[in-house]
Every structure is written in C-alpha cells, then in structure tokens.
Amino acid sequence: MDFKDFNDDKVTLHNIESDTENNLYRSKITYGDDTIKIQAPRMILKTLDGPNSNINLEFTEDNEEFYQFIHVFENFIKTKIVLESGDIIGKTIPSKSVETMYKTFVNLPTKLTHHPTIKISFNMETINVLNKGNDKMEFENVQENSEVESVLSIENVIFYRNKCLLEINLETIKILSQVSQINTYMFTDDTDTDESEKMDSEC
C-alpha cells in the first residue's frame, strides 16, 4: 500500500517470541492479518553493503512527506510498546526507557549537501527487482546512485537486552533510472517534477 493510505488503528503488536540463537526477542507486527508493506516514493539507492545484507536509500528534496511519515510511525511504535509492553513482554517498560532503547533506522547526514538515509535489510534470493517497465531484473544489475521505488516489509520489533528496533526488509525494488551525484539540500522549494510511475502490482 501507499504510505499515504496507512491506518495505524490496524496495527497489532504480538507477544514476544524468544530467539535464543541470536539472543533476542521478536514481537511480530501485523496490519490486520498481514505484514505491513509500504510502498516508498522515489529515492536514491545510495549504497549496497554486499549481498544478503543492507541497502541504504537516500531521501530527496521531494520526500518530506515520507520522511515525516517515518518519524510519526516510529513514534507510534514507541508509544505502542509503552502501552502494551505489559501484555506482549510481561512487564511494563517506562516511556523514558523506550526512548533510550529505541534505535531509529533513519540515519542523518554528516554533510549539509547530503540527505538522510534509511538502512534496510534485504535477501538477494527473495528480493523482487524490476526495471522501469516492470520487467524482472537480475540483482547483480542493480547499481548505486540509481533512482528507485521500493516496497518495505515491516515485520517485527526486535528486543535486545539494552535496545529495540524495527525489523524491516526490502521486498521489491524498482529501478527507475541511473543518476549522477546529487548535491541539493533537503526539503527546499523545487520546480515541477514528473511524478514517479507507480508499481503495477499491489503492495
């Protein structure tokens, strides 16, 4: 679904399950009966951290609404953890503790000419890679600094001993074009731009 259609009343946090091998706990997140799948707007594929690892997507000056959506969504999840921790974990976690523990997946830029990025996990064997015409592509043809649209699968809240974070996987990535280095400031006024093509398949 488009992030603009998201309804937080449909979100459920489920009781935690132990993952002893990785020394963590997971609380599954569902949207109705399904996993939350959000279609993100056009962004820049900034870096790939190797196969079956992480991908960094960079916001553009046109992404302020999506940037704000992520901020609001993460605050919603933190509030939900506080309110429902007694049920899903077995003990109540104070709001100050959640604020300290929670690790956002948004990385702020280190230079004024750069934009914030989001770091998303992916699996090279299962990720769906499309070109602009919605034809399937091989993952090895994906290049950094491409303009992309993507579908993000928000699956769990992960609890470690001293931190918690969202488990988000990149389900689909659509390559719109190859671009050169962009040196524009975040959220400045811009001229009319073409709207990105929407993926034909439903999210």
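One aromatic cluster in the structure is formed by Phe3, Phe6, Tyr31, Phe59, Phe66, Tyr67, Phe69, Phe73 and Phe76. The model is a predicted one, and the values reported here were computed from its atoms. A search of the whole structure returns 11 aromatic pairs, one of which joins Phe59 and Tyr67 in an edge-to-face arrangement, with 5.1 Å from centre to centre and 80° between the planes. Phe59, a member of the cluster, has a relative accessibility of 0%, and because buried residues are those under 20%, Phe59 is counted among them.

Two strands were found to pair with S5. With strand S4 (residues 36-48), the pairing runs in the antiparallel sense over 4 bridges, and within this part of the structure Ile55 of S5 is the bridge partner of Leu48. With strand S7 (residues 117-121), the pairing of S5 is likewise antiparallel, here over 5 bridges, and Leu57 stands opposite Ile118 of S7.

Rolling a probe the size of a water molecule over the atoms shows where empty space is left. A search of the whole structure in this manner gives 2 cavities of 30 Å³ or more, and the largest cavity holds about 60 Å³ of space. The lining of the largest cavity consists of Ile38, Phe66, Phe69, Ile70, Phe73, Phe105, Leu152, Ile154 and Ile168. Helix H1 (64-88) and strand S9 (146-159) are the elements that each give two or more residues to this lining, and H1 gives the most, with 4 residues. Classified by residue type, the lining of the largest cavity has 9 nonpolar residues, with no polar and no charged residues.

The aromatic cluster and the cavity lining can be considered together. Phe66, Phe69 and Phe73 are listed among the members of the aromatic cluster, and Phe66, Phe69 and Phe73 are also among the residues that line the largest cavity.

Technical notes: Residues are numbered from 1 along each chain as its sequence is written. This is a predicted model: local features need pLDDT of at least 70, side-chain atom pairs count only at pLDDT 80 or more; totals for chains, interfaces and linings use all residues. Side-chain values use heavy atoms; hydrogens and water are left out. Two strands pair if DSSP finds at least two bridges between them. Rings of Phe, Tyr and Trp (its six-membered ring) pair if their centres lie within 6.5 Å; planes under 30 degrees apart count as stacked, over 60 as edge-to-face and the rest as tilted. Buried means under 20% relative accessible area, exposed over 50%, partly exposed in between (1.4 Å probe, protein chains only). On a 1 Å grid over the protein atoms alone, a cavity is a set of points where a 1.4 Å probe fits but cannot get out, and a pocket is an open set with protein on both sides within 12 Å along at least five of seven lines; lining residues have an atom within 4 Å of a point. Grid points are joined across faces, edges and corners, and a volume is the space filled by probe spheres set on the points. Ala, Val, Leu, Ile, Met, Phe, Trp, Tyr, Cys and Pro count as nonpolar, Asp, Glu, Lys and Arg as charged, and the others, Gly among them, as polar.
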